[in-house]
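This report describes selected local features of one protein model. It begins with the packing of helices and then turns to strands and loops.

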Amino acid sequence: MKSLPESSKPFGDLVKADRELKGVNPSGSEMPEIDRRDRFTWSDLFVVLSIPFLGGLVGLGLIYLANPLAISWLASSDAPAFYSNSLWNIPKSIPQIQSELGRIYLKLGERYNLKTGEIIYTVLETETQNIREIRFYQTIWDRGVEKYLLVSTTTVAGIDEYFVRSPKFKYATEPIPERMRPDRNRLPLKKLSLLSNPPSQFNGVWFSTVGNVDGIAYGQIYYFSNDKRSQLVELNAWTSPVGELPIWRNALPSNSSSVQLVVNQTQTYDPALLIFQPEEAIVSSIRKVLLRQVTLNEAKGQPKAYQDALVMASSGLWSPALEKFNQMVYELRSQGKQLSPFLQEQYDMIAIHAKITSEQVENPNSNLGEKALVNIIDGRWTEALAIANDPAYKGDKIAEMLEKYHPHIWQRVMTMLTFTGDKEIKLWGGLVVLQRNGLRRAEHWLREQKVDPKESNQLLQRLDLAPVTLDPRQLIGTVTYIGKGDAGNEWFLPPPKLEPNQAWYEVSIHLIKDGDKWLNGPFIELSDRSSILLWRVLGLSLNSSLGVVLYDPDGKSQTTTLTAQSLWVSDSGSIRILASGEAGLAPLLSKSILPPLVTSGGAFNPPNGTTVEWQSLPSITIERIIRAMYRELQRNGEVSLSIEEFGVLVQQQWTLSSVSLDGVGKPEYLLLLDRQKVDLGDRHYPLAIAFSSDGSLLFSDMNGSRVWIDVLPSSIGGQILTLRNGSYEVWNFR
């Protein structure tokens, strides 16, 4: 085994060196040698002093980035009193701001200079011009350059369309469209308007964003506080169907030293003012500005007169509500008490509305319908009914008013009927039902209200003047004999006494010429209207004469006349007219081969056709006509000739006419065959066969199921008068 190499130094030297390292001087006479690296030099001092200096520079840099204005010797000479604490919010020039906004498709809009030194700017979408932001700037001069420091900003959203249109939904009669339901669609805001004459106790700026749709103005109220903690406060949204901006005014007379923000939601003669009281409140240790609305919310523990007043006011009956409220005030004062501030605000709000409705009644108004309406709104039911009953005019303006404003009246009627059973209120309710649901429903509703028909029938009959879509120009029907005695009591208008040698006849109306188009009965629209209206609409008030046409077996006719005296309409719209005429007409009615035809509104004058020479027609057309007629005669077993012989006979002896049956394109061809040409037994003649311009069969009454009478006089072609199952009907080619 090899041994380890020996040390070149003895053990004694190692011990000595170890002692020296530990600071032991064995001899006690020699000092240790000092290392030059242990000396503290000037460069070491500079390094030590530079550390806090660099730290200070870094701190100043961070402070400047966070708030350049905090370092006075670096800031502008006119630094603002307040500023945004945004990290990158440094003053910028207008071109710089526009450039930044342009990169995100925005731009600066309206500018307002405030007395306090701030500037309001709207920020708009470049394409739509809708407001996206509201910004407050302060002007500063940065080394001679005008720049703008952003003080406050807020994002602007649109206003819910349902909220905007909600005042008009109050009296809506149609369902609200799906797109206008809450939170479905938002409407943009386009402008900014300062609200002048604000309350003096608030050291700030009031303004509103504004939009407009269909004449409705809407927007959002803002308040900018320019104190040490400047802030932009978003307050209430508003909407005005009359298109007015909110205004500051003294709307609560009991507090004449203050002003309130008033939003006008009046609809025609129905006043509605929303009143907002500005207030300061402490919320979570922060002072905030609020707009508190004055409402009709009920205070607990109050007398019934107060409760009744709020119910009436809620339905727009402001004057009756004020009367009730005054009862409570009188009771309180008799007890030595006063209204609380909350109740006083409600009283003032009711009083200001009652003043408007009462002034409307006093103002002269030539339109009697509107005069009746303002009386109802002011709670003057008797005066309004007197206007409706005035025989000096025909009542059309009342009917127009009911058509337009019946929801306003109905709400007030139903409210007042909870307090009183006055006949005048019930009659106005009956008139509303008349306008909405027709005469029969109105009569039924008034019977349920215990109103004597003698007090309501004449009013309902007179004011059933709602428009009728039908425009009757002429009537066609049939007639039957009743007798010489009593005509019956079902007729709407009392019939007069018969003259000597006269009798009663009943006319059933089958067709009405509505403008230029003939319609088959029944006529459901006329089923629920007053007899006075029907008499006028059917033209009987101007011409009560009815023409009667009687037919003999040979196709000849004779005419006579009747006089309309009354009428009756069933619930399904079937019309019957009571007529008087010569008693000698009765036996002739049964001899007519067709049901006697009755017309009103003028003579029955169908258009005439022109004769067509067979040789002028194309051979293919002639062949189609002859074959079609031959088949029709074969069905009835009335042809013994060959088709060739039949064709020669037709062209030699039968006359073809050209008529316009459908009013479009080429005329049609018509054959009218008397009994000498084709005898099909006892029935109406002539027989009628119609063909299109190319010879195709359009109509034939040879089978007798639908009998051709004539082309109806009308500017709309293709309407033929036919007889089917004993009733006259319109038959249309198209």
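## Helix packing

Ala305, Tyr306, Asp308, Ala309, Met312 and Ala313 of helix 5 are in contact with Trp318, Pro320, Ala321, Lys324, Phe325, Gln327 and Met328 of helix 6, where contact means heavy atoms within 4.5 Å. The model is predicted: local features need pLDDT of at least 70, side-chain atom pairs count only at pLDDT 80 or more, and totals for chains, interfaces and linings use all residues. Residues are numbered from 1 along each chain as its sequence is written, and side-chain values use heavy atoms, with hydrogens and water left out. Helices (H or I, at least four residues) and strands (E, at least two) are DSSP runs, numbered from the N terminus.

Helix 5 (residues 304-314) and helix 6 (residues 318-334) have axes 8 Å apart and pack at an angle of about 165 degrees. Axes are lines fitted to C-alpha atoms, for helices over the stretch in contact, and angles run from 0 to 180 degrees between N-to-C directions. Helix 5 and helix 6 are therefore roughly antiparallel to each other; angles under 35 degrees count as roughly parallel, over 145 as roughly antiparallel, 65 to 115 as roughly perpendicular and the rest as oblique. The crossing of helix 5 and helix 6 is left-handed, a term for a near helix turned anticlockwise from the far one by less than a right angle, with clockwise giving right-handed.

The axes of helix 6 and helix 7 (residues 341-362) cross at roughly 140 degrees and come within 8 Å. That angle makes helix 6 oblique to helix 7. On the side of helix 6, the contact includes Trp318, Ser319, Ala321 and Leu322, and on the side of helix 7 it includes Leu343, Gln346, Tyr347 and Ile350. Helix 6 also passes helix 7 in a left-handed crossing.

Buried residues of helix 5 are Ala305, Tyr306, Asp308, Ala309, Leu310, Met312 and Ala313. Buried means under 20% relative accessible area, exposed over 50%, and partly exposed in between (1.4 Å probe, protein chains only). Their cover includes helix 6, helix 7 and helix 10. Just after helix 5, glycine 316 has a positive phi of about 90 degrees.

Arginine 412 is located in helix 10 (residues 396-416) and counts as buried at 0% relative accessibility. Leaving out residues up to four places away in sequence, arginine 412 touches Tyr171, Asp270, Ser315, Gly316, Leu317, Ile376, Ile377 and Trp381. With the side chain of tyrosine 171, the arginine 412 side chain makes a polar contact at 3.5 Å. A polar contact is a pair of N or O atoms within 3.5 Å; within protein, one must be able to donate a hydrogen and the other to accept it, and residues adjacent in sequence count only if both atoms are side-chain atoms.

In helix 13 (residues 453-463), the buried residues are Ser456, Leu459, Leu460, Gln461, Arg462 and Leu463. Among the elements covering them are helix 9 (381-388), helix 10 and helix 11 (423-437). At the start of helix 13, the backbone nitrogen of lysine 454 has a side-chain oxygen of aspartate 452 within 3.0 Å.

## Strands

Seven of the eight residues of strand 20 (residues 575-582) are buried, so strand 20 is largely enclosed by the rest of the structure.

| Strands | Bridges |
|---|---|
| Strand 16 (residues 502-514) and strand 20 | eight bridges |
| Strand 19 (residues 557-569) and strand 20 | six bridges |
| Strand 28 (residues 719-724) and strand 29 | six bridges |

Within strand 20, isoleucine 577 stands opposite valine 507, and arginine 576 stands opposite tryptophan 568. The hairpin of strand 19 and strand 20 has five residues between the strands, and its glycine 573 takes a positive phi near 100 degrees.

## Loops

Most residues other than glycine have a negative phi, and most peptide bonds are trans. Aspartate 183, in the loop between helix 4 (161-169) and strand 6 (186-187), has a positive phi near 65 degrees. Asparagine 725, in the loop between strand 28 and strand 29, has a positive phi of about 55 degrees. Aspartate 183 is exposed at 64%, and asparagine 725 is exposed at 70%. The peptide bond from glycine 521 to proline 522 is cis, with omega near 0 degrees.

Note on methods
Pairing = 2+ DSSP bridges.
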